[in-house]
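Trainee: I have a model open and would like to walk through it. Can you take my questions as they come?

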Amino acid sequence: MVVASMEPRLLVLMINSEINQYFYMNNTDQFHVEIDAESHAFLTHDSYANCVAAHRAFDCTDLKQEIAQNYRNVFKGWLTDDCLVAVYQAVKGNIEIRRGHQREIMASIEQRLPHLHSAF
């Protein structure tokens, strides 16, 4: 999973090893962002962040506690800035995603990469 936003709620995007045929048939395959294993040591093979829909995840307090107690097994790494820009563009261009989720994810990425707010 990619933690896409933590405020006001925890939203995640799923990572898959390939794009499901369903997304090709529904013309939503372009909302998948390739995450190359070479640039992301936490992956064993190239994968895709599914930006078609964000999912509400477990309670943030549970996540914070799990990270504090088991950091090495919970936190795997960061997406590169280039990958984050691609996720931002996919989320922004996606009319299928819930508007509230879209705004939260974009705001979260803009906090990490402030230049995006004015660039896109």
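Mentor: We will go through the fold, the sheet, the core and a few loop residues.

Trainee: What sort of model is this, and how are residues numbered?
Mentor: This is a predicted model, in which local features need pLDDT of at least 70 and side-chain atom pairs count only at pLDDT 80 or more, while totals for chains, interfaces and linings use all residues. Residues are numbered from 1 along each chain as its sequence is written, and side-chain values use heavy atoms, with hydrogens and water left out.

Trainee: How many helices and strands does the protein chain have?
Mentor: The protein chain has five helices and four strands. Helices (H or I, at least four residues) and strands (E, at least two) are DSSP runs, numbered from the N terminus.

Trainee: And what pattern do they follow along the sequence?
Mentor: The pattern is β-β-α-β-β-α-α-α-α.

Trainee: What share of the residues is buried?
Mentor: Of the 120 residues in the protein chain, 37% are buried. Buried means under 20% relative accessible area, exposed over 50%, and partly exposed in between (1.4 Å probe, protein chains only).

Trainee: Now the sheet. What is the strand order?
Mentor: The order is S1-S2-S4-S3, in an open sheet of four strands with antiparallel pairing. S1 and S3 are the edge strands, each pairing on one side only. Two strands pair if DSSP finds at least two bridges between them.

Trainee: How many bridges join S1 to S2?
Mentor: Three bridges join S1 to S2. Val2 has Leu13 in S2 as its bridge partner.

Trainee: What about the pairs with S4?
Mentor: S2 and S4 are joined by five bridges, and Leu11 stands opposite Arg56 in S4. S3 pairs with S4 over four bridges, with His32 opposite Asn50 in S4.

Trainee: Which strands does H4 touch?
Mentor: H4 packs on the sheet and touches S1, S2 and S4; its direction makes about 100° with that of S1. Axes are lines fitted to C-alpha atoms, for helices over the stretch in contact, and angles run from 0 to 180 degrees between N-to-C directions. Contact means heavy atoms within 4.5 Å.

Trainee: How far does H4 reach?
Mentor: Helix H4 covers residues 99-112 and reaches 20 Å from its first C-alpha to its last, close to the 20 Å expected at 1.5 Å a residue. The expected span is 1.5 Å times one less than the number of residues in the helix. Its buried residues include Ile105, Met106 and Ile109.

Trainee: Which residues of H3 are buried?
Mentor: In H3, Cys83, Leu84, Val85, Val87, Tyr88, Ala90 and Val91 are buried.

Trainee: Which residues of the largest nonpolar core touch the most other members?
Mentor: Leu13, Cys51, Val87, Ile105 and Ile109 do, out of 25 residues in that core. H3 gives the most to this core, with seven residues. A nonpolar core is a set of buried Ala, Val, Leu, Ile, Met, Phe, Trp, Tyr and Cys residues joined through side-chain atoms within 4.5 Å.

Trainee: What does Val87 touch?
Mentor: Not counting residues up to four places away in sequence, Val87 touches Leu13, Val33, Cys51, Leu79 and Ile109.

Trainee: On to the loops. Where does Ile97 lie?
Mentor: Ile97 lies in the loop between H3 and H4. It counts as buried because its relative accessibility is 4%. Its C-alpha atom is separated by 8.0 Å from that of Cys51, 46 residues apart along the chain. Leaving out residues up to four places away in sequence, the residues Ile97 touches include Cys51, Val91 and Ile105.

Trainee: Is Thr28 buried or exposed?
Mentor: Thr28 counts as buried, because its relative accessibility is 6%. Its place is in the loop between helix H1 (21-25) and S3. Apart from neighbours within four places in sequence, Thr28 is in contact with Phe23, Val52 and Glu96.

Trainee: And Asn27, buried or exposed?
Mentor: Asn27 counts as exposed, because its relative accessibility is 57%. Asn27 is found in the loop between H1 and S3, and its phi is near 55°, a positive value in a residue other than glycine. Most residues other than glycine have a negative phi.

Trainee: Last one: which residues does the cis peptide bond join?
Mentor: The cis peptide bond joins Glu7 and Pro8, with omega about 0°. Pro8 is found in the loop between S1 and S2.
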